[in-house]
Amino acid sequence: MTQSPTSLANAPGVSVVVIAYNDAELVAAAVRSALTQGPAVKEVVAVDDCSGDGTAAVLDQLATTEPRLRVVRRKQNSGGCGTPRNDGIAAATAPYVMFLDSDDVLAPGAVPALLAAAEEHGTEVAVGRVVRRELPAGTDVRWMPGLYREAAVYETPEDEPGLLHDTLCVNKLYRRDFLTDRQLRFPDGRFVYEDFVFTARVYAETPRVAVVPELVYVWHVRRSAADVSLSLARKDVANWQARIAAHTEAVEAFGATGHKGLAAACRTKFVDYDLGLYLRELRVRDVGYRADWWRLTRDYLAGFQPAELAAAAAPARWLAHVVLAADQPRDLDRLAQLAADPARLIPPYATAGAAPVWAEDLADVPLDGLDALPAQRLPVTVDATLLAGRRGVLRLRVHELYGRLAASGAPARADVEFVPRDGEESVLTVTAPLRATRAGWAGQTLVPLARLAALGGRGTQVWDLRVRLDTASGPGVCTSLRARPPGLRRTAVPGSRYGVLLVQPYRTSSGSLSVRLASGVQGAFGVVRGKLRRLARTARSRRR
């Protein structure tokens, strides 16, 4: 039934707090994404954190035509995101509050969906789905997808500790009197990962939480921007220090309210998620960073209870035990491969007695739980080499994993899918029959590179590779391929459609095999220009 204008005017509404600093080019899109949510948005409170560009002028211009927009100007820059959000809470007048960053947007229908769930179930918090949109490609990656598959209502976060994995504040609707009555605020000033602490403070008050499966927030990720977001600025070990500090405060927030179970779940979440996120990149950091990171991490993990480590999933808890057991950085490539998604455990495969362990000299780090992992979650390693020619040759080597693959059905063939970097569905599948070897299985297949380039169109395309190991009884493990030499170099081959085809198999930051194809003369020149730009950026950073 359609609501009358009078009932809409009297309906509970939302104050959307938009924080902005030096974002004149993007802030209008953020504000409009809130205003176009309809009558559910009673007002947009835009807090300008003393910008030095044209942000204030953009907001003022928008306010002249949109009566629901109010602009709050800070006279001094706060240095972070927490203080302007606190200003927004103080200025808000609607019964509910949401937060929006000036370089992101709310998904269409986000506010009505969250508001309807909060009102229907009488919850203090409602939360919905997020995607990370990689720009400029526009590829969407779901954030914490397991939490938002279906609608749910939790009487307390203790009923679903997995909520603690989603530390974002921007995909949540909060009842304003809940925030004000309990004096829930963000850390002020320059505090990195302030949303970790705020989310913990909110959940420590054990609100009722409604979960909606709808997409509510689009998080824009601009890795090539001059100033990347704090969550992406991980090249300085101070970022890791800040993350540990935020997690420490989050755990303390749960402890201060007597919720020891949530405090323990918060520590376990650190092992399940944060630890691996940084271990994937540790091998490419300099020696000083590695030493500092390792020391900080060991010191922090040393304060965890054994049960908190044991509650983490395998293989994430194995990573923590390796760091605790070794006083210096070691096995960085193995750790990075195991921290990848999907995880890969690369050789050597050591044992202590009959039990799998990390290494012969770290026999006190058992790979506990490996025997209980379902076949689809085994951290299997499949080595791959792509040799470019008129027809590419893909060579595969599947490593047996303590007998688990043979026990669940020996792989008979490998189906390798080529997935465009800006998409989710494969466009080409090649199959390699597998034969048994001394330490696993091996096989090879031809790859029609010219056809693959034609499927991607003119120009440059990047393809990620994933493999499914099929057994006689059906599909088995699905994982990515581990890039191995030779073949990791750029090769020019004849292209039947565009005359020339540049083929570059390469190793990603997580060690996986991907391939870049540049078809035609323009595509080839584009690859060269990109290489020159990367070299120039590297030279500039070294001069600094």
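In this predicted model, Leu-387 stands opposite Val-393 in strand 15. The two residues belong to a pairing in the antiparallel sense between strand 14, residues 382–387, and strand 15, residues 392–399, which extends over six bridges. Both strands are members of an open sheet of five strands, whose order is 18-19-15-14-22 and whose pairing is mixed. At the edges of this sheet stand strand 18 (435–437) and strand 22 (482–483); each has a single partner strand, so one side of each is left without a neighbour in the sheet. Strands of a sheet pair through backbone hydrogen bonds, either parallel or antiparallel.

The loop between strand 15 and helix 14 (404–407) contains Tyr-402. Although Tyr-402 is not a glycine, its phi is positive, at about 55°. Its relative accessible area is 24%, and it is therefore partly exposed, since burial requires a value under 20%.

Tyr-193 is placed in the loop between helix 6 (176–181) and helix 7 (194–204). Its phi is near 65°, again a positive value in a residue other than glycine. With a relative accessible area of 5%, Tyr-193 is buried.

Strand 20, residues 459–471, and strand 25 run antiparallel and are joined by six bridges. Within this pairing, Trp-463 stands opposite Val-515 in strand 25. Strand 25, residues 513–519, is mostly covered, as six of its seven residues are buried.

Helix 9 comprises residues 260–282 and includes Lys-269. Is Lys-269 buried or exposed? Its relative accessible area is 1%, and Lys-269 is therefore buried. When neighbours within four places in sequence are set aside, the residues in contact with Lys-269 are Leu-164, His-165, Thr-167, Phe-196, His-247 and Asp-274.

Helix 9 also packs against other helices. The axes of helix 9 and helix 13, residues 332–339, come within 8 Å and cross at roughly 135°. That angle makes helix 9 oblique to helix 13, because only values over 145 degrees would count as roughly antiparallel. The crossing of helix 9 with helix 13 is left-handed. On one side of the contact are Gly-276, Leu-279, Arg-280 and Leu-282 of helix 9, and on the other are Leu-332, Leu-335, Ala-336 and Ala-339 of helix 13. By class, this contact has six nonpolar residues, one polar residue and one charged residue.

Helix 12, residues 316–325, meets helix 9 as well: their axes come within 9 Å and cross at roughly 65°. This crossing, too, is left-handed. The contact is made by Val-271, Asp-272, Leu-275, Gly-276 and Leu-279 of helix 9, together with Ala-316, Arg-317, Leu-319 and Ala-320 of helix 12. These residues divide into six nonpolar, one polar and two charged.

The bond from Ala-314 to Pro-315 is cis, with omega near 10°, and Pro-315 is in the loop between helix 11 (306–310) and helix 12. The bond from Pro-347 to Pro-348 is likewise cis, with omega near 10°. Pro-348 lies in the loop between helix 13 and strand 11.

Strand 12, residues 355–359, pairs with strand 13 in the antiparallel sense over two bridges, and Val-357 stands opposite Pro-366 in strand 13.

Helix 2, residues 27–35, is mostly covered, with seven of its nine residues buried. The buried residues are Val-27, Ala-28, Ala-30, Val-31, Ser-33, Ala-34 and Leu-35. Among the elements that cover them are strand 1 (14–20), strand 2 (41–48), helix 3 (55–65), strand 3 (69–73), strand 4 (96–101) and strand 5 (105–106).

Key: Residues numbered from 1 in each chain as written. Predicted model: local features only at pLDDT ≥ 70, side-chain atom pairs only at ≥ 80, totals over all residues. Heavy atoms only, no water. Helix = DSSP H or I, 4+ residues; strand = E, 2+ residues; numbered from the N terminus. Buried < 20%, exposed > 50% of the residue type's maximum accessible area, 1.4 Å probe, protein only. Contact = heavy atoms within 4.5 Å. Pairing = 2+ DSSP bridges. Axes fitted to C-alpha atoms, helices over the stretch in contact; angles between N-to-C directions. Parallel < 35°, antiparallel > 145°, perpendicular 65-115°, else oblique. Left-handed = near helix turned anticlockwise from the far one by under 90°. Nonpolar A, V, L, I, M, F, W, Y, C, P; charged D, E, K, R; others polar.
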